[in-house]
Amino acid sequence: MSVSRTPSETRTPRMEALARLPVFFGLAGKRAVIAGGTPPAAWKAELLAAAGAKVEVFAADASEELRAVVAEQSNDGNSDGAIVIQARAWQAGDLAGAAIAVGAFAADDEAGAFASAARAAGVPVNVIDKPTFCDFSFGSIVNRSPLVIGISTDGAAPVFAQAIRAKLEALIPLGFARWAAAARRWRRAVQSSDLSFPARRRFWQVFTAQAVTHPDREPLPADFDAYMGLAREGRAAAEHGSVTLVGAGPGDPELLTLRAVRALQSADVILIDDLVAPGVLDFARREAKKMLVGKTGYGPSCKQDEINALMISLARSGKRVVRLKGGDPMIFGRATEEIAACRTAGIAVEVVPGISAAQGAASRLGISLTHRKVSRRVQYVTGHAADGRLPADIDWQSLADPTATTIIYMPGKTIRELADTALAHGLAGDTPTIAVASATRPEQKVITGRSPISPTACGWRRPPARSW
């Protein structure tokens with residue numbers, strides 16, 4: 001007997017502790033002070049000038065690297081900033097009016113004096129390679145300006161940060177800089193247009209899809225007009241909202257598809273099944289409302305009609321609704337009922353497939369679901385009907401076929417009856433059997449044996465998979 005359950009909102013998990021707060025200083029036209037003329041100071045001067053700062057370097061003895069940076073910067077003209085060397089030691093008064101201060105000192109007493117003077121002047125300070133005296137730190141940078149990515153390990157492992165930067169450099173095309181610049185040029189026009197909020201979001205979704213697909217192409221004014229046209233064409237649908245059924249996979253968040261991540265990032269409301277691993281929600285937009293609408297076998301469950309009504313109501317109010325389901329929504333996920341309800345209500349609906357529990361289990365076990373010499377086909381069977389009992393219409397002869405791999409989903413209360421009936425209809429008693437619980441998750445459990453499966457022995461709570 002099932003217990004009724006109503007949809008309930010769940011809070012977005014609180015932000016975990018941060019070693020450093022990632023912020024981005026706007027330094028264009030502002031004054032930056034650097035004390036010291038060492039080679040590391042030269043790099044910081046170049047970095048600050050690239051961000052548009054007017055950099056004053058106080059150094060009685062400037063290194064060759066610093067002089068070279070100044071010469072190249074003055075001849076290059078690519079940055080809005082400028083670097084000037086003052087051939088003397090710094091003084092406390094030099095910090096007045098500065099937006100940022102950087103020191104390069106070998107001795108702690110000099111570093112401490114500079115940091116104290118900067119703080120007294122109300123200027124955030126960094127002393128190179130001396131974190132004790134720093135208000136902020138410089139991380140590794142991926143530059144696709146105006147797209148800028150900073151990476152910090154709080155000084156614990158700079159080489160690790162560099163390795164991550166190298167991977168991001170390889171993943172992010174150089175052409176993204178042109179698309180980011182176009183976004184900055186076009187943002188005001190989009191915001192001041194007559195497009196509704198959902199339609200504006202559609203514009204940026206089209207824009208992003210084009211940037212990802214054609215990163216090396218220069219965005220043109222004609223592209224802006226085309227994207228605006230697409231946003232207007234989809235305006236009615238966007239204003240009425242939409243529903244997307246998203247497969248969350250069997251548990252491991254890294255098995256999410258890119259399309260699933262994009263759907264989670266654009267959702268206004270996410271309706272979550274109980275079987276969805278908490279880590280999957282780390283990929284969701286933090287502002288999205290998250291609601292539990294789970295169904296628990298033989299436990300408290302939301303009624304399907306209530307879930308359908310909630311989806312439609314939210315979509316009609318203009319929300320982008322993601323119905324997040326464990327595994328693949330098209331495999332025993334009641335997708336047919338939810339799709340039909342949306343279509344009947346005139347709500348746009350799409351499906352983002354996910355890695356099924358069977359596929360996830362097979363991948364972790366390193367066992368293929370098919371084998372050209374043993375298994376000719378794969379069949380998925382539900383272990384219980386709508387009333388919670390063993391389905392009356394199972395094709396038992398098919399289940400006994402030695403050339404088939406059978407995946408049995410949700411047989412928690414029926415496994416003994418299912419095994420006995422299958423054996424009675426010809427399933428070989430020595431059929432190799434694997435039961436997997438919490439597939440792909442850290443707590444995954446695997447039990448292997450020969451039929452019949454013993455629910456007492458395996459403590460089964462999730463779908464088993466029979467292999468050859």
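Where is the place of Ser356: in which loop, between which strand and which helix? The loop in question runs between strand E15 (348-352) and helix H12 (357-365). Before going further, keep in mind that this is a predicted model.

Ser356 is buried, with a relative accessible area of 1%. Set aside the neighbours within four places in sequence, and Ser356 is in contact with Pro250, Gly327, Asp328, Ile331, Tyr380 and Tyr409.

Thr431 is another loop residue to look at, located between helix H14 (415-424) and strand E18 (432-437). Thr431 has a relative accessible area of 7%, so with the cut-off for buried at under 20%, Thr431 counts as buried. What lies 2.7 Å from a polar atom of the Thr431 side chain? That would be the backbone oxygen of Ala428.

Now for some helix packing. Here are the two pairs with their geometry:

| Helix pair | Axis separation | Angle |
|---|---|---|
| H10 (304-316) and H11 (335-344) | within 10 Å | roughly 40° |
| H5 (176-191) and H7 (221-233) | 11 Å | about 55° |

Take H10 and H11, whose axes cross at roughly 40°. That angle makes H10 oblique to H11, and the crossing is right-handed. On the H10 side, the contact is made by Gln304, Ile307, Asn308, Met311 and Ile312; H11 brings Glu337, Glu338, Ala341 and Cys342.

Over to H5 and H7, which pack at an angle of about 55° with axes 11 Å apart. H5 is therefore oblique to H7, and H5 passes H7 in a right-handed crossing. Which residues meet here? From H5 come Trp179, Trp186, Ala189 and Val190, and they meet Asp223, Phe224, Tyr227 and Met228 of H7. By class, the residues of the H5 contact with H7 come out as seven nonpolar, no polar and one charged.

How values were computed:
Residues are numbered from 1 along each chain as its sequence is written. This is a predicted model: local features need pLDDT of at least 70, side-chain atom pairs count only at pLDDT 80 or more; totals for chains, interfaces and linings use all residues. Side-chain values use heavy atoms; hydrogens and water are left out. Axes are lines fitted to C-alpha atoms, for helices over the stretch in contact, and angles run from 0 to 180 degrees between N-to-C directions. Helices (H or I, at least four residues) and strands (E, at least two) are DSSP runs, numbered from the N terminus. Angles under 35 degrees count as roughly parallel, over 145 as roughly antiparallel, 65 to 115 as roughly perpendicular and the rest as oblique. A crossing is left-handed if the near helix is turned anticlockwise from the far one by less than a right angle, and right-handed if clockwise. Contact means heavy atoms within 4.5 Å. Buried means under 20% relative accessible area, exposed over 50%, partly exposed in between (1.4 Å probe, protein chains only). A polar contact is a pair of N or O atoms within 3.5 Å; within protein, one must be able to donate a hydrogen and the other to accept it, and residues adjacent in sequence count only if both atoms are side-chain atoms. Ala, Val, Leu, Ile, Met, Phe, Trp, Tyr, Cys and Pro count as nonpolar, Asp, Glu, Lys and Arg as charged, and the others, Gly among them, as polar.
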